[in-house]
Every structure is written in C-alpha cells, then in structure tokens.
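Hi,

Here is the structure I said I would pass on.

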Amino acid sequence: APKYSDAPNILKWNNNYSWAYKGGFTDSIKENVKNAGGKVDGLLRFSMQWNDNRDNENDLDAHCTSPLSHIYYGSKDGRCGGQLDVDIINPNRKLAVENIIWQNLPPKGKYEFKVVNFSDRGGSNFKAQIEFAGQIFDYEVNGKIKKDYSVATVTHDGNGNFTIVHHLESSQSSKIVDGVISQDY
C-alpha cells in the first residue's frame with residue numbers, strides 16, 4: 001500500500017497492491033536456456049534442465065513427437081516448425097539444459113513431450129517446463145532417472161488455442177500477464 005494516499009498509481013492496474021518476485025523454478029529454467037543460446041520467446045516451448053548439483057552426468061534428451069515429425073537430437077528441425085536449439089550431450093559437471101521452440105504458430109495437432117535418458121551415468125533429478133499461450137507448466141522428477149518420461153501432451157486446434165494433458169504431475173503453473181509471471185502453488 002502506498003505511504004502517501006495522494007501519490008499517483010505507477011502500476012498498470014487500478015489498485016494500490018503490488019508484490020515482489022524473488023525468482024525461482026520458472027525463471028531459472030528460462031534464464032539457463034537463454035544463457036545456453038536457446039530461444040525462449042515463442043508460441044510453444046519445451047525446456048528441460050538437469051545436473052543442478054553437478055552430480056548428474058546423464059545424457060538426457062528432449063523429444064517431441066508432433067503431427068509432422070519427431071524432434072530430438074537426431075532431427076533438430078521439425079517439419080512442423082519446431083526446433084531443438086540447445087542440445088547438451090555431456091554436462092561435464094555443469095548445469096545442463098535442452099530446449100525445443102516454435103517461434104511461429106505450430107500446425108494443428110498433438111505434441112507429445114518426453115525426456116529420454118539416452119546415456120545413463122547414474123544421475124538423478126531433472127526439471128522440465130512447457131510454455132504456451134502465456135501459461136507455464138513446471139515438472140520435477142526426483143530420484144534415480146529411469147529410461148524415459150512422457151511429460152505432457154499439448155494439443156493445438158490450429159487457431160492459436162492450446163490444451164494440455166499432464167503425464168507427470170505439474171508442480172506449479174504460472175501465467176504471464178503484461179509481462180509479469182504470476183505463480184500458483
């Protein structure tokens with residue numbers, strides 16, 4: 001609340017409430033993808049992150065089976081407009097991310113997102129994130145990583161409307177309003 005009741009409103013909305021955001025799960029994955037050279041501004045995005053504690057040397061891979069192609073390390077540019085723009089093979093004791101992005105409207109259909117443990121080196125834990133239409137869905141797997149995980153299936157109706165079916169529990173969801181991330185826990 002403002003200290004002076006006659007002070008002009010500096011916010012875009014008509015109330016005197018504000019909040020602070022310390023950052024966290026949602027921000028860290030996007031920032032780490034950007035730092036690795038990936039794009040995070042698009043109409044549909046799937047990102048994953050692992051080796052946060054520098055103890056997971058697994059080669060984890062982001063996969064998307066889409067209406068026209070399968071995007072993964074062996075086929076980084078899908079015929080559906082998506083692109084795997086960050087592909088980490090060996091974390092080498094560093095934080096690792098992978099990212100699949102559609103900067104333009106993807107074709108109508110279903111997009112199944114998976115995390116595949118291509119080379120199991122005994123690591124554990126990973127995070128994944130799906131973003132579309134101003135919404136961000138976060139996922140986290142703790143413990144030893146098995147061979148593969150179906151994260152979620154996103155359906156696009158061809159008109160810019162998306163729906164999602166979660167295959168892993170979504171630990172939090174966020175919505176972007178006027179460039180500000182709000183989170184529901």
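How much accessible surface does the chain have, and what share of it belongs to carbon and sulfur atoms? The accessible surface comes to about 10,100 Å², and carbon and sulfur atoms account for 47% of that. Please keep in mind that this is a predicted model.

On to the overall layout. The chain has 1 helix and 12 strands, and the helix comes at the start: reading from the N terminus, the order is α-β-β-β-β-β-β-β-β-β-β-β-β. There are 185 residues, of which 39% count as buried. I also looked at contacts between residues at least 6 apart in sequence, and 64% of them join residues at least 24 apart.

Another pair to look at is F132 with F162. Here the ring centres are 5.2 Å apart with the planes at 40°, so the pair counts as tilted. F132 lies in strand β7 (residues 124–132) and F162 in strand β10 (residues 162–166), so the pair ties together parts that are 30 residues apart in sequence. Both F132 and F162 are buried.

While you are in β7, click on Q129, which is found in that strand too. Q129 is buried, with a relative accessible area of 0%. Its side chain makes a polar contact of 2.7 Å with the side chain of R45.

Last, some backbone angles. Which loop holds N92? N92 lies in the loop between β4 (83–86) and β5 (96–102), and R93 is in the loop between β4 and β5 as well. N92 is not a glycine, yet has a positive phi of about 50°. For R93, also a residue other than glycine, phi is positive and near 65°.

Cheers

Conventions. Residues are numbered from 1 along each chain as its sequence is written. This is a predicted model: local features need pLDDT of at least 70, side-chain atom pairs count only at pLDDT 80 or more; totals for chains, interfaces and linings use all residues. Side-chain values use heavy atoms; hydrogens and water are left out. Helices (H or I, at least four residues) and strands (E, at least two) are DSSP runs, numbered from the N terminus. Buried means under 20% relative accessible area, exposed over 50%, partly exposed in between (1.4 Å probe, protein chains only). Contact means heavy atoms within 4.5 Å. Accessible areas come from the Shrake-Rupley method with a 1.4 Å probe; for residues, only the protein chains shown count as cover. Rings of Phe, Tyr and Trp (its six-membered ring) pair if their centres lie within 6.5 Å; planes under 30 degrees apart count as stacked, over 60 as edge-to-face and the rest as tilted. A polar contact is a pair of N or O atoms within 3.5 Å; within protein, one must be able to donate a hydrogen and the other to accept it, and residues adjacent in sequence count only if both atoms are side-chain atoms.
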